[in-house]
Amino acid sequence: MLEVDQDSTLPRLYLEDLLGLEVLPEDINDEMLDPDALLAWLGREDEPNDSIPFPWTSDDLPMATEVPSPNEHERIQEAQAISETPRRRKRQRVSQRDENSRAKRSKAPGQPKPKKAQAEPDVDQETDPTSGPSPAETLPALTTTSPRILYVYPSQAGSAIPIQLIAIPDTAEYRVQLSPPPVIRFPLPNSAATPTYILVPTVSPPSKCQLPPLSPVDGAVAPVQMSSSPLGSLSDRASKAMSPPCTSPVSPSNEISPCKESPLPQSPKVLDIPQVVKDHIQEAKTHMSQTCQDIEAGLSLSSHYVDVHVSQREVLRLGKNTNKCLDKELVIKGDTDRQNTMLSLSQIFDGANGDKSRQYILLFGNAGMGKTTLIKKLCLDWSRDCIPQFDFVFLLNGKKLSITEPTYSLQTLLLNLSSSAPSCTDPEAVYAQVLAAPKRVLIIFDGFDELRNYETLLQTQEKDLITSLQKDSKTKTFTVRQLYSAILQRVLLPGCTLLLSTRPRGTASQLLRRTDSLLEMCGFTPANVETYLSQYFTEPGLRASALDSLKSISYLNLLCWNPGLCQLVCSILEQSRSLEVLPRTLTGLCHQVLCLKLEKDSRSTPSHTEAQAQCLKDSETQISDNSQVKTCRKNNQTKSRTQTHTSSRTQKARRAQEREAQAQDKGDQDLKSVGGDARTEDKELLAQLSSLAWEGVKANSSSLPTGQAISAKVKAFGLRTGLLLSHLLRTSPDLSSGDKEGGQNEAEVGETENKSENSERTTTEIAEHQNDHILLWANPFLQSYMAAVHLALSRNVSDRSFLQTLPFQSGGKTRRRPQREELELTQQFAVGLLFHNRTALQRLHVHTETAFRDMVASKQALVTKHLEGLPYGDLSPSQILEACHYVYEAGFTYDDGGTDAGRTQLMTHLAANLPEFLTFHGVQLSPPDVFTVQKALEQGGTEGRSFCLDLEDSGIQICGLRALVGLNNINTYRSCIADAITLWELLEHSGEEGLLQRAVSKFTIHPLKAKQVCHIEHLEKLVNIHIHKRLSDSSSESHSILSEGVPAVKELHKLEFELGPDNGPLALPKLWILLPGLHNLQHLDLENSKIGDKGAEKLANALVSLPSLEILNLSQNCIGDEGVKKLTTTLKDLPNLHCLSLYSNMISDEGAESLAAVLPHMSSLTDLDVKYNKLTDVGALSLGASLRNCKKMKTLRMWNQCIPYGVFDRLQQQDNRILLH
């Protein structure tokens, strides 16, 4: 049953709207607990200080009561004994007021009813023959006493609405689903059960002014039983409120019979959607299919989209106050497990294992991984009716946060500012449908560069602002930030589904508490890369040439794992015939892409002056067209209201125009000083763009700063070359005249069709047009590359400033948080550019040859000194990976046969100083990461070095694992057990006996920490291979390589079971099965696994097969006396056990005596811990007496609060091996 808390604000808000009140009295929650008191409060018509304008009357009919249940009076007496005095006083005041009200009515028995009450017929005395049975009749064990009737006069209706209160007990046989919001829940007097009161109109009042639909609790819809009878129920009123004003009441023939009811779907549909709303939904789908087709210029979803999957991720749930960093708290799964958790697009919104659907989804992935493309594909699928659970999809962009004026309501935000919203002819009806069925609404947030932007939006807002947002008054406007924040915090549309996309780095403590699904973009597989190339290159000959060229360069092929980089690689392969050599590094790739863009611009642009004039002319034409359209829609009623905004908007536009003119003059002077050559002008414009790119990287922003004066030539150059994109911030709202808001129509003021006035306003409108647009970097990799051009090749960046931008700065402590992705890319590009061919960099600088050579040589020396001075033994795994990237970019960006001593020196120094035990534990390794590590290890092999690799919890793909394991200078390696087994099976299938022999023999798992259930499952499979000496169950014969079993199993000496009390019991059955196969296990830690007495018995049976066990930790496992008895029968037979911990269990004196009996027989035991159990002085004395016969025992810890301190002190005096702690 849908229960509404007494303290909940939902029914209270509904009563306020129903009764026409702005503020409901504070005492109503307490005083309405008694139904008689509630009715008395509603009927206090003669009180002089009544704050309510008497919108109701009441008939003194007896209230429907319930049949008393057994032991009812005893429960009532207990409840009355527990209740406190303040509540009694409130009940007394209510009863007194009730008596006073009744007394006043009894004094004037002939007094007529109020006029509004007289106008309403006594419907309680008559029964509509066409109506069905009342809810009171359909529910068993309820009396048929006539219910009490309330005549309610809402402010929206002219006539009274008779309301009857029906009590439904809160017992199993009365469990029904109720449609919010007309529900009040409170206890009946003299009754043990807690009923739920439903306010049901007895007859649907024929009112033209219908109540606006309210947002239901979690978007729930009433079941058919509650909506079918009686005629004119509130469910019918809610459905008619969503219909056009002239909709006729629902006839009984159209109602669904309760006996024909089918189970409610997971995403219920709202009945009777108005036709105008259905038309808008179809228009929205048509508009969505048009706007979401393009991936980027020249590429469309229909022709270039590759179907990729997303991976379901989990987060380690630590303490409540932990500052959770998403990329650190994510559970990193192996490649095999990741493939098993892949989801297709159609499964993104489905619940796992039949659970409820996901409603707060976080989609994350690094730059270029295709988050925006996947969102466009989702929107396109919705437009094609492939996602039927949503009627509305709204796409909100994070770049809209730059709009700081409070000019929007929730309605205008969704219907006008959404990137996917078409023009709406009836926004009121559409918005009412959105509020009525929020579960049918999907809101997508895209364009957020990092998690920090979401975290700032999740900060608690002021109480007054939240109240104002909840009322959703169309007369009030809010900023985009306030509305975004309210949606993310579930203040607005709490039942809708949210899909958020972002990059993974950054703290997300608040966001992780709200999301119920974490999805990660997995990138392209080799098959996906071939599919993309076949779609990109339609000509068969060019396609074959591109595939051959891609396969010839391993690193370039691995870069295609990232869909964004794959597109850049294809643009290079398209021109491969004209290129002398293909790039071998990321720096070389971005450099060639930039050069291609500049060459294309120089061929297609005859003159910069003509291009600038054409660009300005296009802007003027577009603004003129927009002005004419706005003139056709001009509303005279809003003209006076918007005039106050025009002056400020015009002043801002003029100031922006002045700043741009100054910047233009400065740019022209700089260009004249350099020279009038077009190539020189491009270099200067490129230098200015690179400076802006570095400012964006520092600010973690992909948009150009709006408050900074930027030359129009720089903007035009960036747009012309495709380095920049223009993003529309806002469009003119298409609302009815009554709903237009002040900030929305400011551009309409002063509009006229006179051409002379239009020409005078052209300059101002151009500035206003620019304020409605922002410039974005078209590609995150090119932005970071341009920023690196500024750092490495600009004379404005001194050597000291450049040194401060390098990674791994020295300090008292290492860097606590990882760097942002775009900053890491910029640093890699800067190092790669400094070691690039200087001739190829001529197009990127305007310096003389001598000055350029000296500057590059100076910064090269700084980089070399900095990288060679790194303490590689103290670096974290992520920092070692970064260092490998820097050295690779420096050594292989330009292939000149390895003659540059500086590049060779860096790679040799790195290989010589890498730690022997090289770990990447907890660092996700992408295919390009594995390739750079492989190059460093190969260089180490030439220097005669060998390494031990730890690749556990790195997410390395099977192909990358194969490449590293195949190196001759790898002694041992750790990885996910399932991935290692998968690799062995692939090698066996391909017949690579030599590599299989090395892969099996070099694999190690000691020591093993099991933190996930899958870890125990994988270990069980490995032990099974070890016992049966074959890789798969289908193999009939054992493999020769496994004739002596799996070396990793034989060498496993320590197993820590760290799944905790929640997940531990799930994996314990598999643990009892695999333990007998670990014959050489020496240390078994099962702390806090909740094994209990039954688990202790299973463990005792498994311990027989562990003769090498030395340490056994069974702390905090709820083991009682029975469990200890089972354990003692086996523990005495373990010849090497020297440490046993039974700390914080449930062992009493009986269990202590069992331990005392076997202690003398445990000849190797030296340490026993039984602290914080339930044994008393009796058990302590038994253990103390047994200790005298244990000569090898060193410590016995057995303190707890049940042992008297005097007894414990005397035991310590008798034997100093007994310790307190």
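1. In this predicted model, I1111 stands opposite C1139 of β24. The pairing behind this position is that of strand β23 (residues 1111-1113) with strand β24 (residues 1139-1141), which run parallel and are joined by three bridges.

2. Both strands belong to an open sheet of eight strands, whose order is β20-β21-β22-β23-β24-β25-β26-β27 and whose pairing is parallel. At the edges stand β20 (1008-1010) and β27 (1218-1219), and because each has a single partner strand, one side of each is left without a neighbour in the sheet. Helix α42 (residues 1013-1028) packs on this sheet, where it touches β20 and β21 (1054-1057), and its direction makes about 130 degrees with that of β20.

3. A separate point concerns a pair of helices, α39 (residues 958-965) and α40 (residues 977-990), whose axes come within 10 Å and cross at roughly 75 degrees. Since angles of 65 to 115 degrees count as roughly perpendicular, α39 and α40 are therefore described as roughly perpendicular to each other. On the α39 side the contact is made by I958, L961, R962 and V965, which meet D979, A980, T982, L983, L986 and L987 of α40. By class, this contact of α39 with α40 has seven nonpolar residues, one polar residue and two charged residues.

4. Lastly, N562 lies in the loop between α23 (554-559) and α24 (563-574). Its relative accessibility is 6%, and because buried means under 20%, N562 counts as buried. When its neighbours within four places in sequence are left aside, N562 is in contact with A367, G368, M369 and F781.

How values were computed
Residues numbered from 1 in each chain as written. Predicted model: local features only at pLDDT ≥ 70, side-chain atom pairs only at ≥ 80, totals over all residues. Heavy atoms only, no water. Helix = DSSP H or I, 4+ residues; strand = E, 2+ residues; numbered from the N terminus. Buried < 20%, exposed > 50% of the residue type's maximum accessible area, 1.4 Å probe, protein only. Contact = heavy atoms within 4.5 Å. Pairing = 2+ DSSP bridges. Axes fitted to C-alpha atoms, helices over the stretch in contact; angles between N-to-C directions. Parallel < 35°, antiparallel > 145°, perpendicular 65-115°, else oblique. Nonpolar A, V, L, I, M, F, W, Y, C, P; charged D, E, K, R; others polar.
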